[in-house]
Amino acid sequence: MVTIDKLSLELNKCVQCGTCTSACAVSRATKRFNPRLLVYEAKKDLITEREDIWLCLNCHICEARCPNLVKISDLILDARRKVLEKHGEDRVLEFYSGLVKALLNIGVIALVTSSRVEDFKSESGLNIPTLTEPLKSELHELLKKISLEVRLREVMGIERER
Amino acid sequence: MRGNGDIKEVVLYPGCVSLNKYPGIVKSSIEVLKLLNVKVRLPTSMLCCSRPLERLGIIGEEHTSALAHFNVTKLMGDPDEIVVVCNGCYLAFRRALEADDLKKDVGLRAKCYHIAEIIWRNRQYLAEKAKVKLDKLKVAVHVGCHYLFYPHGDVIKGEEGEDILEDIALAFNANVVDYEERRSCCGGTIVKWFREVSSSISKRKLESIMEVGANVVLTMCPYCLRTFNRVQQRLKKLKRIESIMPTLHVSQLVAVALGLDPLKVAGLHLQVPAQELEALLKLLTPQPPP
């Protein structure tokens, strides 16, 4: 994975040709987003100041089209992580804390919301159990070990519910 | 090449969106694998691949890999082969399982395949078993970015057609229509926060599909499928479109072509509105005996 810290070589590969921007679906939909400009800002170490990093679809078409194979999607993801670590973007956290809570407490982030789906799953033998308590504890230990629980607490400001 | 090898038994990792929103994708995948004489197991419990959190920047690649390790060792019984039905799960598991820290350092041996890769590899064999004709379908394929632009290695490119899904559709004699926005994103990953920008991207894609007269969208990603459905439902509510273009996962299209029940197996009633489903089913006619 490419990170901004290790990115000087990566950034120097960029010749600001703008192929990424011309391929980008978001750039076509709104003038607020320009991946070429984000790489330029990264070179000046200013990318984490940019609001538009949150508009990236993470679709990787910019990387697929880039003539110099610059890891643009990775760069933007790394900027998001750094912003969340430093500032704790309240709006981001508010939007996504539900996903994190669901992952920690139930194990999945998309839940059944329709009785027809529930019935279909039952009839098809697809009622895969959620994590058992021993497995949850084991997962909890793992999350601690890889500092994910700490990371989620820092970033999302939430505790795991038992 | 991806998808080769003699696969006898797999763990099918169903993924959150497919399992809990469109379970017909999971059921269809199981039935297609069974027809290929592959023994299918499911995980003993469900734990998300966590890729949606990673692409938001909330967690890092190292965390996704650790959860993949937990999934494979604790919930799947350390299998040789894992089959996924979602491009996001594919990225999460394949990247983790091919990385040195899990493969060499931890010694995990599992390989990760997308169900589309298994179908692609066996497309001629499966097409010979088809009981339903797909020749009235005009298919617009949408592979989905996290397979089409998979950033960590090679994926299957088209042989007879432009991509993996076109090859499969062509094998079953469906008509594949090309469209301008074929390789663009569904727009779904930013929908929670930037709803208008996201909708505008999805709408542009769907308009491009409608312009060429397609009557079905074929994808291999449940998340993209959900995006197309959500956007169309919204546009229909606003009276900006009259009907919803049915979107099918590749496992569902193949299951239907093999003569499996479009409702009881493919679960199409859970994702295509009644009127549109009736019109779609009318396009499917029995294959004459050889």
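**Group meeting: a two-chain predicted model**

Let's start with a strand pair. Strand β1 of chain B, residues 9–13, and strand β3 of chain B, residues 81–84, run parallel and are joined by three bridges. Two strands pair if DSSP finds at least two bridges between them. One of the residues involved is Tyr13(B), whose bridge partner in β3(B) is Val84(B).

Before going on, the ground rules. This is a predicted model: local features need pLDDT of at least 70, side-chain atom pairs count only at pLDDT 80 or more, and totals for chains, interfaces and linings use all residues. Residues are numbered from 1 along each chain as its sequence is written, while chains are lettered from A and ligands numbered from 1 in the order in which they are written.

Now the whole sheet. It is open, with four strands in the order β2-β1-β3-β4 of chain B, and the pairing is parallel. Which strands are at the edge? They are β2 (39–41) and β4 (111–114) of chain B, and each pairs on one side only. From one strand to the next, the twist averages 35 degrees. As background, strands of a sheet pair through backbone hydrogen bonds, either parallel or antiparallel.

Next, the helices on that sheet. Helix α2 of chain B, residues 23–35, lies across β1, β2 and β3 of chain B. Helix α2(B) runs at about 170 degrees to β1(B). Axes here are lines fitted to C-alpha atoms, for helices over the stretch in contact; angles run from 0 to 180 degrees between N-to-C directions. Contact between two residues requires C-beta atoms, placed from the backbone, within 7 Å. Helix α5 of chain B, residues 87–98, packs on the sheet too, touching β1, β3 and β4 of chain B. Its direction makes about 155 degrees with that of β4(B).

Zoom out to domains. Chain B is divided into domain 1 (9–117) and domain 2 (129–286); those bounds come from an automatic or database domain assignment. Taken over C-alpha atoms, the centres of the two domains of chain B are 22 Å apart. At their boundary, 27 residues of domain 1 are in contact with 31 residues of domain 2. On the domain 1 side, α1, α2, α5 and α7 (115–121) of chain B each give two or more residues. Helix α2(B) gives the largest share, nine residues. That side of domain 1 divides into 12 nonpolar, eight polar and seven charged residues. Nonpolar means Ala, Val, Leu, Ile, Met, Phe, Trp, Tyr, Cys and Pro; charged means Asp, Glu, Lys and Arg; the others, Gly among them, are polar.

Buried or exposed? Pro286(B) is exposed, because 9 other C-beta atoms lie within 10 Å. The cut-offs: buried is 20 or more other C-beta atoms within 10 Å, exposed is 12 or fewer, partly exposed is in between, with C-beta atoms placed from the backbone. Not counting residues up to four places away in sequence, Pro286(B) touches Lys131(B) and Val132(B). Its C-alpha atom is 9.1 Å from that of Ala130(B), 156 residues apart along the chain.

On to chain A. Chain A has 10 helices and zero strands. Of its 162 residues, 38% are buried. Among its contacts with a separation of 6 or more, 59% are between residues 24 or more positions apart.

How do the chains meet? On chain B, 46 residues are in contact with 48 residues of chain A. Elements of chain B giving two or more residues are α1 (16–20), α2, α3 (51–56), α4 (61–75) and α11 (195–211). Helix α4(B) gives the largest share, six residues. The chain B side divides into 28 nonpolar, 11 polar and seven charged residues.

Leaving aside neighbours within four places in sequence, Ala110(A) is in contact with Cys16(B), Val17(B), Asn20(B) and Lys21(B). Ala110(A) counts as buried because 20 other C-beta atoms lie within 10 Å.

Last, some backbone angles. Most residues other than glycine have a negative phi. Asn58(A) has a positive phi, near 60 degrees, and His60(A) has one near 75 degrees. Asn58(A) lies in the loop between α4 (35–43) and α5 (61–65) of chain A, and His60(A) lies in the loop between α4 and α5 of chain A. Asn58(A) is partly exposed, with 19 other C-beta atoms within 10 Å; His60(A), with 20, counts as buried.
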